[in-house]
Amino acid sequence: MESSSFADLAALRERLSSHELYSRLTTPRNIAIFMKHHVWAVWDFMSLVKALQRQLTCVELPWRPVGDPEIRYLINDIVVGEESDLDRHGRRTSHFEMYLEAMKGIGATTTRIEHFIALLGEGTPVDRALDLAGAPEASARFVRHTFEVIGRGKIHEIASLFTYGREDVIPAMFIGLLDRLEVPDGVELADLRYYLERHIEVDGDHHGPLARRMIEILCQGEPTRHAEAVEAARRALAARLELWEAIVAKCDPGGGEA
């Protein structure tokens, strides 16, 4: 369903894939700044995945067949990859946990995001937990936008946010990052490099096409749904650009401690 309306998002996607942020990520300090902001987007991506799974498959007892079997396959396949992939040591882990390990390798502190996860485990609402954990302002705005879409409950909007705001653009963004990444002496980037390469491989070659097929099935024959899905995608890309601009503003060309 790669219609002209979705094709109109090409300019926003190009701005993301060629963003100046990537050229800043050449020092331990700037890479750490990026990761401490971006980790919140990595976390809320997992929430998007689970929101899709809750609406598109049966996660209740007693079990019953829900929706289109093709969509059930698509989302369950994506969930398996995102929630229980292999890390570079061959151990099962989620992409979020993989990212935390990459942060620790570069020396970026994970205190705030781990506090946030602990607060969620205590039953603290997401909005309140963001404040209590001290999430960076730009990251908090990004997460709140995601949960606003999830809260509306329109599955085609959630799927569009997932597909065109995340899965579809991630390979281009990360290829740009990986191509420009310079490895500083004395800094461990193996986990980060593996994470980026894994996303390029899985999102570009596998999850991306599956997610676009999911959008096609959910919007087929419904012009209103299609228009809402396109607008959700546009806003998702704009939110990502806003986050990237905020990170650039925090970066500098110097090195230093993370």
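The model is predicted: local features need pLDDT of at least 70, side-chain atom pairs count only at pLDDT 80 or more, and totals for chains, interfaces and linings use all residues. Residues are numbered from 1 along each chain as its sequence is written, and side-chain values use heavy atoms, with hydrogens and water left out. The chain has 13 helices and two strands. Helices (H or I, at least four residues) and strands (E, at least two) are DSSP runs, numbered from the N terminus.

**Overall picture**

- The chain holds 258 residues, and 53% of them count as buried. Buried means under 20% relative accessible area, exposed means over 50%, and partly exposed lies in between (1.4 Å probe, protein chains only).
- Take the contacts between residues at least 6 apart in sequence: 74% of these join residues at least 24 apart. Contact means heavy atoms within 4.5 Å.
- Zero disulfides turn up in a search of the whole structure. A disulfide is a pair of cysteine sulfur atoms within 2.5 Å.
- Cys219 counts as buried because its relative accessible area is 3%. Cys251 is buried too, at 8% relative accessibility.

**Helices α7 and α8**

- Helix α7 spans residues 111–121 and helix α8 spans residues 126–133. They pack at an angle of about 145°, with axes 9 Å apart. Axes are lines fitted to C-alpha atoms, for helices over the stretch in contact, and angles run from 0 to 180 degrees between N-to-C directions.
- The crossing of α7 and α8 is right-handed. A crossing is left-handed if the near helix is turned anticlockwise from the far one by less than a right angle, and right-handed if clockwise.
- From α7, the contact uses Arg112, His115, Phe116, Leu119 and Leu120. From α8, it uses Val126, Ala129, Leu130, Leu132 and Ala133.
- The residues of this contact divide into eight nonpolar, one polar and one charged. Here Ala, Val, Leu, Ile, Met, Phe, Trp, Tyr, Cys and Pro count as nonpolar, Asp, Glu, Lys and Arg as charged, and the others, Gly among them, as polar.
- Glu114 is also found in helix α7. Glu114 counts as partly exposed because its relative accessibility is 36%.
- Setting aside residues up to four places away in sequence, Glu114 touches Leu100 and Lys104. Glu114 and Leu100 are 14 residues apart in sequence and 9.1 Å apart in space, C-alpha to C-alpha.

- Leu56 is found in helix α4. Leu56 is buried, at 8% relative accessibility.
- Beyond its neighbours within four places in sequence, Leu56 is in contact with Val66, Ile71, Arg72, Ile75, Ile155, Met214 and Leu218.
- Leu56 and Ile71 are 15 residues apart along the chain, and their C-alpha atoms are separated by 6.9 Å.
- Pro62 sits in the loop between α4 (28–56) and α5 (69–83). A cis peptide bond joins Leu61 and Pro62, with omega about -5°.

- Glu82 is found in helix α5. Glu82 counts as buried because its relative accessible area is 0%.
- Glu82 and His199 lie 117 residues apart along the chain, with C-alpha atoms separated by 9.7 Å.
- Thr163 lies in helix α10 (residues 155–167). Thr163 is buried, at 0% relative accessibility.
- A polar atom of the Thr163 side chain lies 3.4 Å from the backbone oxygen of Ala211.

Technical notes:
A polar contact is a pair of N or O atoms within 3.5 Å; within protein, one must be able to donate a hydrogen and the other to accept it, and residues adjacent in sequence count only if both atoms are side-chain atoms.
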